[in-house]
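I opened this entry to record what I looked up in the model. The notes follow the order in which I checked things.

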Amino acid sequence: MSTATLKVKEKKPGQRACDEKDAKGELCVGHLKRWYYYHPLRLAFSEEEEAALKEFGKNAEVYRCERCHTIYRPVSADNSTAGQKFQVRPVTLWGDFFGKKPKS
Ligand SMILES: [Zn+2]
């Protein structure tokens, strides 16, 4: 089984509709909703959620198109070095929650 691959785009400030184009070149325009892919009390995650956890860590702010499920990450507004650190670190608790490897 391969893990889900996430399609990740940058969400421009204020953007609330998906600008992904479908095969015909038409805009998706689905709503971008905050996507809570992780919850500490949840025991099971979909492949997509697991992939997001690996990619972003637990508490990243991500949005997902409700139509095509494209993931959007907010562009960090502050690109200066004085801004908050915009860095996602992989955390080892992955192993705590998923001690058993999925069958491979
Ligand atoms: Zn979309």
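**Contacts of Ile 71**

I began with Ile 71, which touches Leu 6, Lys 7, Val 8, Ala 52, Val 62 and Arg 64, leaving out residues up to four places away in sequence. Contact here means that the C-beta atoms of two residues, placed from the backbone, lie within 7 Å.

**Numbering and model**

I count residues from 1 along each chain as its sequence is written. The model is predicted, so local features need pLDDT of at least 70 and side-chain atom pairs count only at pLDDT 80 or more, while totals for chains, interfaces and linings use all residues.

**Elements**

I listed two helices and four strands, in the order β-β-α-β-β-α from the N terminus. These are DSSP runs numbered from the N terminus: helices are H or I with at least four residues, strands E with at least two.

**Helix α1**

I then checked α1, residues 47-56, and noted Ala 52, Leu 53 and Phe 56 as buried (20 or more other C-beta atoms within 10 Å of the residue's own, with C-beta atoms placed from the backbone). They lie on the same side of α1 because they cover an arc of only 100 degrees around the axis, taken from the directions from the helix axis to the C-beta atoms. Just after α1, I found Gly 57 with a positive phi of about 85 degrees.

**Burial and range**

I noted that 13% of the 104 residues are buried. Of the contacts with a separation of 6 or more, 64% come from residues 24 or more positions apart.

Notes
Buried ≥ 20, exposed ≤ 12 C-beta atoms within 10 Å, placed from the backbone.
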